[in-house]
Every structure is written in C-alpha cells, then in structure tokens.
Amino acid sequence: MRVLVIHGPNLNLLGEREPGVYGTQTLAQIDELIERTASSLGIEVRIQQHNDEGGIVDAIHAARKDCGAIVINPGAYGHYSYAIADAIAAVAIRAIEVHLSNVYSREAFRRESVVAPVCAGSIAGFGPLSYVLALHAAAAR
Ligand code: DQA
C-alpha cells in the first residue's frame, strides 16, 4: 500500500517559519520521520510539497492511479479551498487531514475546514507527531 503525503503552502519554510507555533523541525526532518514511520508500518510513501493549489489538485488526481490513501496538510487552503475538497471527493481515496498546530486554539478562521467533510478524519495539534498518527490511521485499513 502506498500513501501520498501532501504538504501544502508555506510548509517548505518549517524550521524558520513561526517556530513558536510550528516548532523548529525542518520539512526535511519531518519527511525523514514520515519515511521512518512508513517503513515501520510496512507501507510506502510518496511525499510532495506544493505552494500552489493547482499542484495539490494535480497530485490528488495522480494518486488515484497508484495510492491507497492520502495524508494531507493543506495549510491555509484547508480553510477555504473548495477545489482541493472537490479533488479529494472526486478521487474517492481515503484521506486524512493533518495540521501541526492546534488550529482550534488559534484565530477563528482556522477553526473552519472545508476539507474535513471529505476526509476520513482530522489530526491537529501534535506537531510532527500529527503526521505519524495520520500514517497509522492510513495503514490501519
Ligand atoms: C497548518 C495550520 C494552517 O492554519 C496554516 O495556514 C498552515 C499550517 C498547520 O499545520 O498547523 O499553513 O496547516
């Protein structure tokens, strides 16, 4: 089983971006954790980071050919991108929404997710561990 892991906009700056909110680990370090977790679970991962909405939509479309699940941190797009929500619904692949920060304890606009209704579940607030938990959820099927 292969899982597509998508990091959305601005997550390429992890490590230097608002470390008080997102921690000090770089995206490369988080990707290493994701790879290690995947191998311990006996699954494969394809990891991509996109700053643009279209790139995320294209990655979701491509996953329908060879992925059994999607783990997605949509970044800010999660709060308003109907295009990404529609893409997840269109491919009918089990998806898990991830956020590093606890979006419910932050600004009001972050409490809304338009992708949550088309995902199997959402994990937020555990830093890089959010991805580990999401991979467990993806592998549990
Ligand atoms: C985020 C939360 C979003 O609100 C924010 O726009 C991000 C990161 C997170 O992982 O906590 O870019 O998705």
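Student: What classes of residue make up the lining of the largest cavity?
Tutor: This is a predicted model. In it, the lining of the largest cavity has four charged, four polar and three nonpolar residues.

Student: Which residues are they?
Tutor: The lining includes two histidines, His-79 and His-99. Arg-110, Arg-111, Glu-97 and Glu-112 are there too. Ser-113, Ser-122, Val-103, Tyr-104 and Ala-124 complete the list.

Student: Which elements give two or more residues to that lining?
Tutor: Two strands do: β4 (94-99) and β5 (121-124).

Student: What volume does the largest cavity have?
Tutor: About 50 Å³.

Student: And how many cavities of 30 Å³ or more are there?
Tutor: The count is one.

Student: Switching to pockets. What's the volume of the largest one?
Tutor: The largest pocket comes to about 160 Å³.

Student: How many residues line the largest pocket, and which lie nearest its centre?
Tutor: The lining has 15 residues. Nearest the centre are Arg-17, Tyr-22, Gly-75, Ala-76 and Arg-110.

Student: How does the pocket lining divide by class?
Tutor: Six residues are nonpolar, six are polar and three are charged.

Student: Where does the ligand sit?
Tutor: In the largest pocket.

Student: OK, which residues surround the ligand?
Tutor: Arg-17, Tyr-22 and Asn-73 are among them.

Student: Let's get to the contacts. How far is the side chain of His-99 from the ligand?
Tutor: An N or O atom in the His-99 side chain is 2.7 Å from a ligand oxygen.

Student: What about Asn-73?
Tutor: Asn-73 places a polar side-chain atom 2.8 Å from an oxygen atom of the ligand.

Student: And Ala-76: which part of it lies 3.1 Å from a ligand oxygen, backbone or side chain?
Tutor: The backbone. One of the N or O atoms there lies 3.1 Å from an oxygen atom of the ligand.

Student: How much of the ligand's accessible area does the protein cover?
Tutor: The protein covers 98% of it. On its own, the ligand has 330 Å².

How values were computed
Residues numbered from 1 in each chain as written. Predicted model: local features only at pLDDT ≥ 70, side-chain atom pairs only at ≥ 80, totals over all residues. Heavy atoms only, no water. 1 Å grid on protein atoms, 1.4 Å probe; cavity = no way out; pocket = protein on both sides within 12 Å on 5 of 7 lines; lining within 4 Å. Points joined across faces, edges and corners; volume = space filled by probe spheres on them. Nonpolar A, V, L, I, M, F, W, Y, C, P; charged D, E, K, R; others polar. Helix = DSSP H or I, 4+ residues; strand = E, 2+ residues; numbered from the N terminus. Near = heavy atom within 4 Å. Polar contact = N/O pair within 3.5 Å; in protein donor to acceptor, adjacent residues only side chain to side chain. Areas by Shrake-Rupley, 256 points an atom, 1.4 Å probe, with all protein chains shown as cover. Sits in = over half its atoms within 2 Å of the grid points.
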